[in-house]
Amino acid sequence: MNANAKLRADLVLASRFENIEVAERALVDLCHRAGFADDEEYWLVTALREAVANAVRHGNQQDPERLVRIAYTIANSTVTIRVEDEGKGFDPDDIPDPTDPENLLLPSGRGIFYMRQFMNRVDFGSTATGGTSVVMVKDFASNDKDRPGVSG
Amino acid sequence: MKSNIRDVGDTRIIELGGKITIGTGDVKIRELISEALDDDKKDILFDLGDVTAIDSSGIGEMVACYTTVTKRGGQLKLMHLSPKINDILQVTQLITVFEVYDDEREALGSF
């Protein structure tokens, strides 16, 4: 990775699942410019896709008139991604642990778990209009070797 | 997402490739399982060798497929997991739910 990389991009998307690909391509381009390894990029993309999918489906209820705003920042070894929707907000604590044996066969409820697994920090908040804002941070200099995608 | 179907004896092998993700891949695997059950194929092997990504919706749909097939008296097993797909099954602890094989002959013999 290029330790001096400082990159920033903002994206505004209509709430359609196909736009997850657009969000991914923007992140992949930034990762290439920052010089990240393929593995680092892969897990970042995985977390991003979950955040945008949640914004489209749960936040904006797939209403293409509602927007998803994404802000990407890469500074040195740290990647910060903020995703905002125009929904009504939610309490992430209401989502049951998908790895609890009694929840293993549930067909949904793993999106936030994915995000938390593949990033160092995931914080939920509210936008000025009551939507959900999620900020995800990955620091590739951190020594969190227990998680996939962390090369150490 | 790409798919190809092969029947070996009573087992249906469904070869998947590309992304199993929200809005496309997840719906497609549901259709493939429905088609297999309609064809009275209850022993099903997903070959994930060419799968590049599975998001939480894809994983959720695979779990739903597992439940559907099991309720119909069949078995759904997995084969040829890439290291990244294996990582995802490990962290979600679904590796404890699915039987996973590296070798097709061994997988077919397990039904």
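Two strands are said to pair if DSSP finds at least two bridges between them. The model described here is predicted. In it, strand 4 (residues 75-79) of chain B and strand 5 of chain B pair in the parallel sense over two bridges.

**The sheet of chain B**
- Five strands of chain B make up an open sheet, arranged in the order 1-2-3-4-5 with mixed pairing.
- Strand 1 (2-8) and strand 5 (100-101) of chain B lie at the edges with a single partner strand each, so one side of each has no neighbour in the sheet.
- Within strand 5 of chain B, Tyr101(B) is the bridge partner of Met79(B).
- Helix 2 of chain B packs on this sheet and touches strand 2 (11-20), strand 3 (43-54) and strand 4 of chain B. The direction of helix 2 of chain B makes about 140 degrees with that of strand 4 of chain B.

**The contact between the chains**
- On chain B, 20 residues are in contact with 18 residues of chain A.
- Helix 2 (56-71) and helix 3 (83-91) of chain B are the elements that give two or more residues to the side of chain B that touches chain A.
- Helix 2 of chain B provides the largest share of that side, eight residues.
- By type, the residues of that side are eight nonpolar, eight polar and four charged.

**Helix 2 of chain A**
- Helix 2 (residues 38-59) of chain A has 22 residues, which at 1.5 Å a residue should span 32 Å; the end C-alpha atoms are 30 Å apart, in agreement.
- This helix of chain A is mostly covered, with 16 of its 22 residues buried.

Conventions
Residues numbered from 1 in each chain as written. Chains lettered and ligands numbered in written order. Predicted model: local features only at pLDDT ≥ 70, side-chain atom pairs only at ≥ 80, totals over all residues. Contact = placed C-beta atoms within 7 Å. Helix = DSSP H or I, 4+ residues; strand = E, 2+ residues; numbered from the N terminus. Nonpolar A, V, L, I, M, F, W, Y, C, P; charged D, E, K, R; others polar. Axes fitted to C-alpha atoms, helices over the stretch in contact; angles between N-to-C directions. Expected span 1.5 Å × (residues − 1). Buried ≥ 20, exposed ≤ 12 C-beta atoms within 10 Å, placed from the backbone.
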